[in-house]
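Colleague: Hi! I'm new to this one, could you walk me through it?

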Amino acid sequence: MLKKHRIRIRRLLGFTLALLPFALLIAGFQLIPVTSMLIGSFTADSGGGFTLQQYITALTNAFYLKAIQNSIFISLFSSLAGIVIGAFAAYSITRFSAAMRNRILMLSNMTSNFAGIPLAFAYIILLGNNGVFTLLFKEWGWDVFAGFNLYSWTGLTLVYVYFQIPLAILLIYPSFYGIQEQWKEASYLLGASPAKFWRTVGLPCIAPALLGTLGILFANAMGAYATAYALVGSNYNLLAIRISSLVTGDVVTRPQLGSALAVLLAATSIAAVWINSMMTRRVAAYTGNGNAAAAVKPSRRRLFSASKGQSSPRTITGGDSI
Amino acid sequence: MSYLQLNGLNKQFNGTNVLNNVHLEVAKGEMITLLGPSGCGKSTLLRCISGLTELEQGSIILEDQEITALAPREREVGMVFQSYALFPNLTVSDNIGYGLKMKRMNKGDRTRKINELLELVDLSDKAQAYPHTLSGGQQQRVALARSLAMQPKLMLLDEPLSALDAKIRKSLRLQIRQLQRRMGMTMIFVTHDQEEALMISDRICVMHNGRIVQEGSPEEIYSAPRTEFVARFIGNYNVLGPQEAGRLEGLAAQPGISYALRPESITLLPVGEYAMTRPPSFSMPGYPSSSMSEYPSSGMPERESSEMLGHDSFGIGHDLAGMPERDSSSELGHDSAGMLRRESGSRPGRESVVRGYDLLGMSRHLPPAGDSAALYWPGKVSSVMMLGNIVRYGIDVGGIPMTVDTLAGHGPFRPGEQSAVTLRIDRSQCIPLEKDGA
Amino acid sequence: MIRTMKYHHVLISLLLLYLLMPLLVTGLYAFAGKWTNTLLPETWTLEWFRQIALDARFLHALWNSFWLCAVSVLLSLVIMLPTVFVVTVYFPRWEFLLKSTVVLPYAVPGIVAAVGLIRAYSSGPLAISGTAYILIGAYFVAILPYMYQGLRNSLLTLNASSLLDAAEMLGASKLAAFRTVILPNIMPGVTVSMLLSFSVLFGEFVLTNMLVGGQIETVQIYLYKRLSESGHLASTMAILYFTLILIISLGLTRIGQFMKKGIRL
C-alpha cells in the first residue's frame, strides 16, 4: 500500500510539472492582461473607482461613435461582398476535378498569406497615385477610373474585400459537400429546376454555414489593423486604429478609453465566433457531420480541423497580420 | 491454491460501481471468457488485472505473488487490445521485439525470438512491413505475437476480435484457442459475443452490472442459464416473465417465476394431435441429456466440429447464436387476451392444468392421459422464416410471442402462416430462472 | 453541361487573376528597371535585390524576425507538448477548459490582446513592455490555437493512450513509452504545427508594432517603415517575404502528403 501511495504522489508531481509552465504563461500573458484591460475599461482617466464613463464616452462621443460606425460599415460591406463572391467561387470549385480543385484551393489559400503590410503595399503599386494601373488607365483614357482613390473608403473596402475572399472560399467550400448529388437528382425527378432546387433545398441547407462564415468575416474585418494602418496611417477613423492610437499614440493617450473600445471590439469578435460555431453545429446536424466535407479538404487544412467542434479558419489566413 | 486469484475487487467511476465485489479463481492453463454486454465491467476487470486501471479494493494474486500494487510492467501480464495498439512507427519485427528490447535482451537472442514468433503467427514474410500495410487480422496476430514474446504468466485479451470482419474473426478465434492449448497459456478473454465465448472457453463468466452473475462451462451456461439476464443474453431463449408464465398452463403452477424456453426444445403439432411418446432426446457425451433438445442443430458440438474441419458451412448455428438479442426473447408486457389466464387462487398441480383447459373450453388441446412430462399449449403461427437448415416460427401463444425452431425438412408437419398449432414442450425444458441481481 | 462548365472556368479564371494580380505586380516591380505607362516593365534589373542584400538594417530585421519567431515556436512546443499530452491522455474531461483557454486568442483580435498586454506590463513590477520578453509571451499566446490543434489531432489520430497502455504492458516505463512510441509518431504533425505557427508569426504586424514597434525592428516593421521610400525596394522585400512563406507552405504540404501515405493510414 505504501508503494501504491508513492506511485500516486510521483504521478501527481509529474502532472504538475507538465502543466505548471503552461498555467504560468497563460496567467501572465492572457489572464492578467485581459483582467487588467477589463479593470481599465471601468476606470476613469484620472484613476480611481469604478465608472461606466469610458463606455458612455465610447458610445456617445461623435468621434468614437463614428469610428465604430465606420468599422461596422466597412466590415459589413466587405464581408457581404466576400461571402457572395466566395460562395459562387466555392461552388464553381466543387465542379472541377479533384486535382484541379486542390490546385485552385492551394492558390487561393496561398494568397491569403498575402495580407497586412505587403498586401497594402501591393495595392499601392497597383492602384496608388502612381500605381501601374492608375497610370495605364490614364494613358488609355479610361475616365471611369479617374475618380478612383485608393486612399479613400472605396479603396480601403476594395483591399478588405481582397483578403475576405480566400477566407470565405475556405470556409464555405466544405459545406457544399454536405449537399449530396442525390438530393439534386431527387429534386429534378420530382420536377424541380436547378434554380428551384437551390432556392428550396440547397440554400436552406448551407444558409447556416453562410451566416456563420459571415460572422467570421465580419470579426476578421473589425479586427483588421495592419492593412488600414499601412494604407493611410492613423488618420483613418476606424475602431482598431482608434484603439491603437489611444493606447500607444504619440500625442495624447487615454488607455482607459482605449480599453473600453477594445472590450467592445473583443465582444463583437467573440460573438461572431460563437455564432459561427453554433451555425457549424447546425450544418453538421443537417448534413450528417460533414465528414464528406472534411475528406475533400487539402491535407494541411485537415490537420487543423478539429475532429469535432469548430475548425479554426485563421489557421490559414495569418489573420493576425491583416 | 489456484494460479490466479481475484479477491473482492471493487472499482468505482464517478460514483457508480463498475466492479462490484468480484471474486474469481483461475487455474493454470485455463481459458476463461468474461462475457457480457458493453458497460458490464468486463473490460474494466481486465484492465484492473493488468494494472492499467487502479483498484479501489481487493487483491490480485498471481502465482502466489500479490501483484495488486505493482505497476503494469512489473506484473508479467500480457495484453492484447481491441484496437491492436501496434506502434505505427515500427515494423512488424520491431513491434514484436519491443518488449524484449525494453528487457534489454541482446540483439541475437532477440532476432531469434522474433523469428520464432513470426513463424508461430505465420507472418514471416511480413517481418519488415509496417502495421498499416497489414490487414486487421494480420495486425492482431502481430499484437498477439508481441505479447507472447514476453512469455507472460497471464494473457489478457480485450475484445481482440471485435474490430475484424466475421470470417477472419472465426478463423482467428480458433487459432487463438489452439495456440492457448498448445502453449498451456492461461488466458482471460473478454468478449460480448456469446458464440465466441461458447466456442473457445474452458469456462465462461457472464458479467452484468459489475458482477459475475454466472460462471461455468460453456455447456452449463448454454443449457442452464441461472438468471433472466443470462437467459436473455445467451442464445435465442424464449424468456417468459412471471406475468407471462402465469398465463401458461403448467408454468403457472409456481407463480412469480420467470422461465427460459429454448426455441428448439418446443415441438409443433397439428391441433388435436399429440405425440404420445416423448421425442427421442439427443444425447451427447458431456451434455446432460435431459437438457438437450430433440435436435441438435443449434447446439454446440456440431457447429464446432464443422468449424474445426474448416468448412464454411452455411452457418445457421452461427446466425442463431450471433444474434443474441433477437425478438425471440423479447418480453411482451401486454396483458391482453387473457385466454389462458388462470382464475386466481387455483391450486397448483396437474389437476388444475386439466381444469384450466376445460374452463377455457379448449378440450381439443387436452393432452393425452399419461403424458405428464410434457406441456401442451395452443398457438397460432404468425410468421415463418427460413434460415437455411432451420425454419423459425413466430408463434402467438395466447398473446405471448414465442420462437420455435424446427429442422428444415424434418418431420411431416409444416404449418403455414395463420394456422393453428399445438406446442409441446417437456417440463424439464422449462428452465426456471432466478431474479437478476440475486 | 459543357456550357455550364465554361461558366465555372471563366469565373474561376477571373477569380484567380484577381487574387494573383497583386502578387504578380509586386513580383514584376521587384525586377523592374523603368516602368511607366506600359503593361510590362520596359527594362529589367536585379539592382533591388543587390541593394537589399547589402542593406544591413534589412538583414538585421530578418534576423530579429527569425529568432523571435523561432524562440516563440520552440517555447510553445516545449510547453504545449506536455500540457496537451497530459490533458488528452490523462484528463480528457478537463479538455474543454484547455480548449476554451486556447481558442481565446483566435476569437480576440490582436489589437485587443495588445491593449491588455500594454496595460499590464507598461509599468509596475514587471515593466517588460518594449522588450523581447513581452513579444515572445504575446507570440506564445497568439499561436496557441495552431499548436494545440496540431498536437491534439496528432495524439488523437495516434490513439495515444492505447499505445501507451500497450508499451507499458510490454515493460516500458512511462517516460520510455513516451519517447519510443508517442514522440516519433507525432513528430510529423508537430512539425506541421510548428511551421504553420512560424509562418503566422513571421507575418505578424499588430502585436509587434504595438508592443515593441519602437524598440525592435522585424521584417514587417521594417517593410512598413520603408513603404513610402522606395517602391522597388519594398516590393523586393515583400517578394522575399512571400517566397519564404511559400517555401514553408510547400514544406507543410509535403509533410502532409508524407503523413498520408507514410506512417499511418
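Colleague: Let's begin with chain B. Among contacts between residues at least 6 apart in sequence, what percentage join residues at least 24 apart?
Modeller: In chain B that share is 66%. Two residues are in contact if their C-beta atoms, placed from the backbone, lie within 7 Å. Keep in mind that this is a predicted model, where local features need pLDDT of at least 70, side-chain atom pairs count only at pLDDT 80 or more, and totals for chains, interfaces and linings use all residues. Residues are numbered from 1 along each chain as its sequence is written, while chains are lettered from A and ligands numbered from 1 in the order in which they are written.

Colleague: Thanks! How many helices and strands does chain B have?
Modeller: There are 12 helices and 18 strands in chain B. Those are DSSP runs, numbered from the N terminus: helices are H or I with at least four residues, strands are E with at least two.

Colleague: And what percentage of chain B is buried?
Modeller: Of the 438 residues in chain B, 46% are buried. A residue is buried if 20 or more other C-beta atoms lie within 10 Å of its own, exposed if 12 or fewer, and partly exposed in between, with C-beta atoms placed from the backbone.

Colleague: Which strand does β14(B) join through seven bridges?
Modeller: That's β17 (residues 420-426) of chain B, and β14 (residues 374-386) runs antiparallel to it. Strands count as paired if DSSP finds at least two bridges between them. One bridge pairs Ala374(B) with Asp426(B) in β17(B).

Colleague: How many bridges link β14(B) and β15(B)?
Modeller: Six, again in the antiparallel sense, with β15 covering residues 390-397 of chain B. Val384(B) stands opposite Tyr393(B) of β15(B). These two strands form a hairpin with three residues between them, and Gly388(B) takes a positive phi near 85° there.

Colleague: Why is β16(B) largely enclosed by the rest of the structure?
Modeller: Because six of the eight residues of β16 (residues 400-407) of chain B are buried.

Colleague: What is the strand order in the open sheet of three strands in chain B?
Modeller: The order is β11-β12-β18 with antiparallel pairing. β11 (238-240) and β18 (431-433) of chain B are at the edges, each with a single partner strand, so one side of each has no neighbour in the sheet. From one strand to the next the twist averages 25°. β11(B) is joined to β12 (residues 258-261) of chain B by three bridges, and one of these pairs Val239(B) with Ala260(B).

Colleague: Switching to chain A, where is confidence lowest and where is it highest?
Modeller: Helix α14 (residues 299-304) of chain A is lowest, with a mean of 32, and helix α3 (residues 62-94) of chain A is highest at 93. The score is pLDDT, the predictor's confidence in each residue, from 0 to 100. Over chain A the mean is 81, and 85% of its residues reach 70 or more. Residues 289-322 of chain A stay under 50.

Colleague: How much of helix α11 in chain A is buried?
Modeller: Nine of the 10 residues of α11 (residues 239-248) of chain A are, so to speak, under cover. Among them are Leu239(A), Arg242(A) and Val247(A).

Colleague: How many residues of chain C are in contact with chain A?
Modeller: 78 residues of chain C are in contact with 75 residues of chain A. The chain C side divides into 53 nonpolar, 22 polar and three charged. Here Ala, Val, Leu, Ile, Met, Phe, Trp, Tyr, Cys and Pro count as nonpolar, Asp, Glu, Lys and Arg as charged, and the others, Gly among them, as polar.

Colleague: And with chain B?
Modeller: There, 18 residues of chain C are in contact with 19 residues of chain B. α8(C) gives the largest share of the chain C side, six residues. By class, that side has 10 nonpolar, five polar and three charged residues.

Methods: Axes are lines fitted to C-alpha atoms, for helices over the stretch in contact, and angles run from 0 to 180 degrees between N-to-C directions.
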